[in-house]
Structure formats: C-alpha cells, structure tokens
Amino acid sequence: MRFEFTEEQLAVRDAARDFAQNELKPGVIERDEKQQFPAEQIKKMGELGFLGMMTDPAYGGSGLDTISYVLAMEEISKVDASASVVMSVNNSLVCWGLEKYGTEAQKQKYLVPLAKGEIIGAFCLSEPEAGSDATSQRTTAVDKGDHYLLNGTKNWITNGGSASVYLVMAQTTPELKHKGINALIVEKGMEGFTVGPKENKMGIRASDTHSLMFSDVKVPKENRIGDEGFGFKFAMSTLNGGRIGIAAQALGIASGAYELALSYAKERKAFGKAIAEHQAIQFKLADMATEIDAARLLCLQAAVLKDQKKPFSKESAMAKLFASKVAMQVTTEAVQVHGGYGYVKEYHVERLMRDAKITQIYEGTSEIQKIVISREILD
Ligand code: CAA
Ligand code: FAD
C-alpha cells in the first residue's frame, strides 16, 4: 500500500502544524501545571474547522476525509495532547455519531453548532462500575412515554465541564442486556444534571475530565439516537472511529517527542562530540523512527478503510494498540536522550511521557483492543 497525500491533505496537515506551533505551544507547560482548559485555543480550533473536520459542510463541518483528520490529530498532539483529546472526542465520537445516526432535527439542533465548534460535546459511556465491561450499564433511562427519566453516574468524562451537549448511554430494558441500552442527547442545564469536580490527572492535565450525575433528568424521546435499544451498537460503532483518533493522538505524542530528541541529540555534547554521534543514541533514534513509521501506517490503513466504507474495527483497534505502545516507548526514550534535562518541564518530553499513558487506557484499554482484534481474527 502506498500513500500519496493530496494537496488538500497536505494543506490541512500544514495548517494544523502552524496552529500547534504558534497557538498551542506558547502556554502549554503552564496550562498543564495549572490544569487549565485551553478554552481560547479550542475556540480558534473551531473557527479553523478542526472540530468538525469530517462532518458534511451542509451541517457546518469541513467535509474532509479521515486521512486529513489523522494528519491534523498528529500535528496537534505533537504539541498539546490536552487540546487534541477535545478535538478527537468532538470530531470522531460526538459529531460523527450524530451525523451517522442522528435524525435531521437532531443534526440541525446539535450537530451544526458542534461541527462549527460553537459548542463542544462529550461522549458518556463509562461508569464507576462499567469501564471495560461497558455492557454493564447501571445508569437507567426509564421509558415514561414522551420522555426518559435518566438516573445514574458517569465518570471520567472528557469535556465533562466544558461541553454543552452530552451523548449518554443508559439502560432502559435490563432483561435485554446490551440490546436494552439507549443513547440519549442530554443538554447542560437540564434539571437534575450536575457535573462533579475536575479530576487531578497524571497527564492531559489541561483537559477537562469530570463525573456526571443524573437525578430524575427528563430527556425528551426525540433526543434518543437511533431505534429503541440501539445505544450499545451506537457506542461501539462510534468508538471504532474514535480509536483512529486516539491512535493518531498517540502517534503525535510519539513523533513530537522524537523530533525533540532528534534535535537535542544533535546539539548536546558529551565526551567531545554530539551525543547523536554515539551509536547508543543513534540506535535509540533509529528505533523511534521505525516504530513511529509503523504506527503511522497502521493509523492510515484504518483511515483509508473507513474512508472507503469498508470494515475497519480490527484495524482501528490495531492502530490504537500499537500506536499507544509506541507512544510510551518513544516518550520514555526521548526523556532518556535528554538526560536530566528531560526530567524537567521546560524541555516538554516529561509532559509527553505523562500524556502518552492515557492512550493505553481510554477508548478501550490495550487489553480490550486485543479482545476486539482476537475476536475478529478468530471469527
Ligand atoms: N464494533 C461494532 N460492534 C461491536 C464492537 C465493535 N468494535 N464490539 C462489540 N460490538 C457489538 C457486538 O457485535 C455485539 O452485538 P450483537 O449482540 O448484536 O452481536 C455487542 O456489541 C456486544 O458485544 P459483545 O458480546 O462482544 O460484548 P462483551 O461484553 O463481551 O464485550 C467489549 C464488548 C468489546 C469489551 C466492549 O464492552 C468494549 O469495547 N469495551 C471498552 C469500552 C470502551 O472502549 N470505552 C471507551 C469509553 S469512551 C472514551 O474513553 C473517550 C475518551 O476517553 C476520550
Ligand atoms: P477497568 O475496566 O476496571 O479495567 C481495569 C484493568 O483490567 C485494565 O487494565 C483493563 O484492561 C483490565 N481488564 C478489564 N477487563 C478485562 C478483560 N476482560 N480481559 C483482560 N483485561 C481486562 N469514558 C467515557 O465514556 N467518555 C470519556 O470521555 C472518557 N474520557 C476519559 C478520560 C480519562 C482521562 C480517563 C482516565 C478515562 C476516560 N474514560 C472515558 C474512561 C475510559 O474509557 C475507561 O477508564 C476505560 O475504558 C477503562 O475502564 P476502567 O477505568 O473502569 O478500568
């Protein structure tokens, strides 16, 4: 398989690179330290079309393909993985899910402002007792005729405090197990909906992760996505694409750390020469470059299949599994190449190493990706 990017794809990549270097890099260390959500930067990303990249322009999006999305995610994640997770959730979980499965009225009301980046969205599947085991939803959506009565708690929700629209999975008919789950559109401000405090995290600290509590929240029937009982399929189908976004995030974290390590290795001198002239450092750089290329090819393979409307759930799981491992390996080695300087904040690689870890956990842990891959292989 040979990838030749189109001029449009390269222009998107360059625009994302410029934005990351000029708008995200200044202040990224401070936002990480202070756990400060990049609100201003996210607003600009919306204006530039980065929050609804794959959405049809008829619904306020940029109408780009998944390859462009991967290229942009890589560039943004090289610099600021907190900003890129906002981008990933809004694009591939919220906008994509609404565009694919929403009604025309839902699209007009919610998708248009989300794709334009005027508001941002959240995807709410995980619960205190249902993370990997996502079919065990405890949140309930009891059918009350013209509305559902929503009760329960979601946790770890990205954009939890800053979103305006939440796609919430909840159980309506427990005896049907996962086929009783519905996906509901919940608006911030609905009576009975409260947002818990922001989580104090190891990495992606500027992103906004919260628990959400629902107590007798009345959600109109017209806010259900898809048919009755479609909610779990909705979540899984949406996550297949979401995992390409997180794979590209992991790729970006790795390639950002690699680029820093490469330039540092050329500058830093030890034993009378640049450390890049020591073979031990050269081999580290060679391993990093090889792993990053392999991760990028897996991301692009999944993106191409998705764009061609072919099955891609195995390939997106493979891309996420592999790229997240590469992100951990490369960022750890990038700190090593920097020596003591790598251990302090101003050289950026310690943050990238902390940010890398989450890519092995969210949107399905590495163990869950192996379950998805092995089931498809054995099927
Ligand atoms: N694509 C499409 N359908 C899928 C699917 C996939 N990748 N995985 C499962 N399904 C379908 C199955 O086909 C099945 O449907 P049928 O009954 O119609 O055949 C149904 O879902 C149930 O699947 P299983 O019987 O395989 O259920 P299971 O309980 O054994 O395992 C699981 C399911 C794959 C482990 C699933 O629970 C899972 O993916 N867990 C991880 C949850 C996750 O990824 N959470 C991410 C939250 S969002 C997030 O994290 C965002 C963020 O950080 C930024
Ligand atoms: P558990 O499911 O309890 O897993 C614990 C360990 O057991 C893991 O290593 C897991 O791989 C392993 N394990 C579990 N089952 C198996 C098995 N069958 N075989 C082998 N190993 C297994 N969720 C959302 O819905 N929306 C979000 O926006 C969101 N954002 C997040 C942001 C952050 C910063 C974090 C930390 C999480 C976020 N999540 C979100 C939740 C995330 O998707 C879950 O944390 C993840 O799916 C794992 O669930 P868990 O934490 O309950 O771990």
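A residue counts as buried here if 20 or more other C-beta atoms lie within 10 Å of its own, with C-beta atoms placed from the backbone. Keep that cut-off handy for the exercises below, and bear in mind that this is a predicted model.

**Exercise 1. Work out which residues of α10 are buried, and what they pack against.**

Step 1. Apply the cut-off along the helix: Val 349, Glu 350, Arg 351, Leu 352, Met 353, Asp 355, Ala 356 and Ile 358 pass as buried.

Step 2. α10 covers residues 349-358, and eight of its ten residues are buried, so the helix is largely enclosed by the rest of the structure.

Step 3. Look for the packing partners. The buried residues of α10 sit against α2, α5, α7 and α9 (313-338).

**Exercise 2. Describe the overall build of the chain, from secondary structure to domains.**

Step 1. Start with the elements: the chain has eleven helices and nine strands.

Step 2. Check the overall packing. The radius of gyration is 21 Å, close to the 21 Å that the globule rule gives for 379 residues, so the chain is as compact as a globular protein of that length. Along the principal axes, the C-alpha atoms fill a box of roughly 80 × 45 × 40 Å.

Step 3. Ask how much is tucked away: 52% of the 379 residues count as buried. Of the contacts with a separation of 6 or more, 74% link residues 24 or more positions apart.

Step 4. The domain assignment gives domain 1 (7-120), domain 2 (122-231) and domain 3 (239-378).

**Exercise 3. Find out how domain 1 meets domain 3.**

Step 1. Take the centres over C-alpha atoms: domain 1 and domain 3 are 21 Å apart.

Step 2. Count the residues on each side. Domain 1 puts 21 residues into the contact, and domain 3 puts in 22.

Step 3. Trace the domain 1 side to its elements. α2 (28-34), α4 (66-79) and α5 each supply at least two residues, and α4 has the largest share, with ten residues.

Step 4. Sort that side by class: ten residues are nonpolar, six polar and five charged.

**Exercise 4. Locate ligand 1 and ligand 2 relative to the domains.**

Step 1. Take ligand 1. It has 22 residues around it, and the closest are Ala 134, Met 236, Ser 313, Tyr 362 and Gly 364. Elements giving two or more residues to this shell are α5 (81-101), α7 (231-267) and α11 (366-378), and α7 gives the most, with five residues.

Step 2. Classify the shell of ligand 1: twelve residues are nonpolar, nine polar and one charged.

Step 3. Among the 22 residues around it, Ser 126, Gly 131, Ser 132, Trp 156 and Thr 365 come nearest. β1 (121-124), β3 (147-158) and α11 each give two or more residues to this shell.

Step 4. The shell of ligand 2 has eleven nonpolar, seven polar and four charged residues, and it draws at least three residues from each of domain 2 and domain 3.

**Exercise 5. Examine the phi angles of Gln 35 and Lys 177.**

Step 1. Check Gln 35. Its phi is positive, about 55°, and it sits in the loop between α2 and α3 (39-47). With 17 other C-beta atoms within 10 Å, Gln 35 is partly exposed.

Step 2. Check Lys 177. Its phi is also positive, about 50°, and its place is the loop between β4 (165-171) and β5 (181-187). Lys 177 is partly exposed, with 13 other C-beta atoms within 10 Å.

Terms used: Residues are numbered from 1 along each chain as its sequence is written. Chains are lettered from A and ligands numbered from 1 in the order in which they are written. This is a predicted model: local features need pLDDT of at least 70, side-chain atom pairs count only at pLDDT 80 or more; totals for chains, interfaces and linings use all residues. A residue is near a molecule or strand if its C-beta atom, placed from the backbone, lies within 6 Å of it. Helices (H or I, at least four residues) and strands (E, at least two) are DSSP runs, numbered from the N terminus. Ala, Val, Leu, Ile, Met, Phe, Trp, Tyr, Cys and Pro count as nonpolar, Asp, Glu, Lys and Arg as charged, and the others, Gly among them, as polar. Domain bounds come from an automatic or database domain assignment. The radius of gyration is taken over C-alpha atoms; the globule rule is 2.2 Å times the number of residues to the power 0.38. A residue is buried if 20 or more other C-beta atoms lie within 10 Å of its own, exposed if 12 or fewer, and partly exposed in between; C-beta atoms are placed from the backbone. Two residues are in contact if their C-beta atoms, placed from the backbone, lie within 7 Å.
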